[in-house]
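The exercises below are to be worked with the sequence and the 3D structure at hand. Try each task before reading its solution.

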Amino acid sequence: MTSTDSASTSYGFVIDNRRCIGCHACTVACKSEHEDPIQVNKTWVSYIEKGVYPDTTRQFHVMRCNHCADAPCVEICPTACLTTRDDGIVDFDPGRCIGCKACMQACPYDAITINPDSGTATKCNYCAHRVEESREPACVVVCPAEAIVPGDLNDPGSKIAKIVASQDVSVRKPEKGTLPKLYYVDGDAAALQPAASIRTRETLWGEKAPDIVDDTPVAEGQIRSAAAGAPRRAYDIAQRHAGSWGWKVSAYLFTKSIAAGAFLVPALATLAGLHLAGTHLVGIVVALLALAATGVLLVSDLKRPERFLWVLLRPQWKSWLVRGAYIIAGYSAILLIMLALFLRGDGLGATSATVLAIIGCVLAAGTASYSGWLFGQAKGRDLWQSPLVPLHLLVQAMVVGMALFLPMVDATWYPQVFAVLLAVDLVFVVQDVWGRHQTADASRAAKLMRSGNWGVLLIAGSLLAGHVVPMFLCFSQGTAPQVLAAILAGAGVAIYEHLWVAAPQRVALA
């Protein structure tokens, strides 16, 4: 293998499963070469067993970064820690990583993890330091069966290009459109597609727990009978994605909803000629407090929180984490300006007030909805790929904003609009969870949301208590019912957002 800086070079791998003996030499060599801790596996081997004793088979498949030509991890990374080199290698620079874990959600192949020692992302980088010295990756050198073939896919004379051109090869999840460059000869769908096999029990060597059916581990035989000879995973590594975005991320969605809605509701009412007395200053203060809480949640969720300013100072502009950070910064600045003017008692002309209100509304709407495009960049999670997510987040912000002022406003039209918004949000929720989904993984995530304990929480907590009941309570006379309606509506949004964030992460990617 020779190193080159030519943009026409495109390094990739072929794994010949006819040769692989499952010895794990590649895993050990990778860990040794990069001095990775025990918990980090950039290269690992999956064991798939088929058949019924005594007619059984075991197959081995080497898993690692696919060095995609259109790598979603590169697009979502806010600080350009992950980059695609001129030779096609998807490399990473731990010195730029803030530990946001967005790349882990973007990778459809579960190939990225967090190094517990450094708190930064790590993955196979094709041993780029060796390639630059015209040496092969460490895993290739140690493979006793020569089952790992590296090389330039764009060089028709290379061994790897000849194999890809002449033999029946397969890749993992081609439907994702990432153009993976890790090819398998004699690859088995049971290994390459996680849903094609099942783990119904803990195994001696595997790290994963039994698969998840609703929100609980599956019992033996609940999905498939092992006696029926269904493909089963006998060895694998722990799912690194599960829960990498936890309650802090779902809480940040909710605090953003408060921050956006608290300003949007009185501002839009005023622009429409429907002044809501006493709500403007309250809305600005609540929005600023919610934005502060959002910042605390985002920073505390980073594995390297001391680097949080790098999102603004070292931006990678395709990432919606960066775009969102600038939207929030601009929104915060407008709110502070308006708060200062309120506190000083300076009067604004009608034109100036209108301009500030319009700019504030645009930035508030962006604050509420940008996460929809961010989650859309997380291509590993199919349920998050709906183009309607940004609009749904904006509707939820309006629901929370109107709930905030419901006990304060005596306008007759207010509860009617609030009830309509609750109905619209309910339609979004029903469509997300019970509607038709484009992929099997999206359907699995939706099933998780509506099954088991999560299903009870969704239906009883979010839909009934959080939507239907407030629709009726908001028309009741007296402060107490309206306060209860506001609390229930806010809780309904929070519950849904938490389940929507959590459930897709329980769907196995590898």
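**Exercise 1. A helix and its length**

What span should the 22 residues of helix α9 (residues 280–301) have at 1.5 Å a residue, and how far apart are its end C-alpha atoms?

Solution. Note before starting that this is a predicted model.
- Step 1: the expected span is 1.5 Å times one less than the number of residues, so the 22 residues of α9 should span 32 Å.
- Step 2: list the buried residues of α9, which are G283, I284, A287, L288, A290, L291, T294, L297 and D301.
- Step 3: compare that list with a general rule. An α-helix has 3.6 residues a turn, so residues three or four places apart point the same way.

**Exercise 2. A sheet of four strands**

Give the order of the open sheet of 4 strands, then examine the loop between β9 and β10.

Solution. 
- Step 1: the order is β8-β1-β10-β9, with mixed pairing.
- Step 2: β8 (148–152) and β9 (169–170) are the edge strands, each pairing on one side only.
- Step 3: β9 pairs with strand β10 (residues 182–185) in the antiparallel sense, over 2 bridges. In β10, V185 is the bridge partner of V169.
- Step 4: L179 lies in the loop between β9 and β10. Its phi is positive, about 55°, although L179 is not a glycine.
- Step 5: L179 has a relative accessible area of 53%, which means that it is exposed.
- Step 6: take H24 as a second case. H24 lies in the loop between β1 (11–16) and α1 (25–34), and its phi, near 70°, is also a positive value in a residue other than glycine.
- Step 7: H24 has a relative accessible area of 18%. Buried means under 20%, so H24 is buried.

**Exercise 3. Salt bridges**

How many salt bridges does a search of the whole structure find? For three of them, classify residues by accessibility.

Solution. 
- Step 1: the search finds 13 salt bridges.
- Step 2: D16 and R18 meet through their side chains in a salt bridge of 3.0 Å, N to O. D16 is buried at 8% relative accessible area, whereas R18 is exposed at 52%.
- Step 3: D87 forms a salt bridge with R85, and the closest N and O atoms are 2.6 Å apart. D87 is buried, with a relative accessible area of 2%.
- Step 4: E133 and R135 meet in a salt bridge of 3.0 Å, N to O. E133 is exposed at 52% relative accessible area, and R135 is partly exposed at 35%.
- Step 5: look for shared partners. Salt bridges that share partners join D16, R18 and R19 into one network.

**Exercise 4. A nonpolar patch**

Which residues make the nonpolar surface patch of about 330 Å², and which elements give two or more residues to the patch?

Solution. 
- Step 1: the patch is made by L268, L271, I358 and V362.
- Step 2: α8 (247–271) and α12 (350–377) are the elements that give two or more residues to the patch.
- Step 3: L271 is found in helix α8.
- Step 4: L271 has 40% relative accessibility, so it counts as partly exposed.

How values were computed: Residues are numbered from 1 along each chain as its sequence is written. This is a predicted model: local features need pLDDT of at least 70, side-chain atom pairs count only at pLDDT 80 or more; totals for chains, interfaces and linings use all residues. Side-chain values use heavy atoms; hydrogens and water are left out. Buried means under 20% relative accessible area, exposed over 50%, partly exposed in between (1.4 Å probe, protein chains only). Patches are made of residues with over 30% relative accessible area and no salt bridge: like charges are joined within 9 Å, nonpolar side chains (Val, Leu, Ile, Met, Phe, Trp, Tyr) within 5 Å. Accessible areas come from the Shrake-Rupley method with a 1.4 Å probe; for residues, only the protein chains shown count as cover. A salt bridge is a side-chain nitrogen of Lys or Arg within 4 Å of a carboxyl oxygen of Asp or Glu. Two strands pair if DSSP finds at least two bridges between them.
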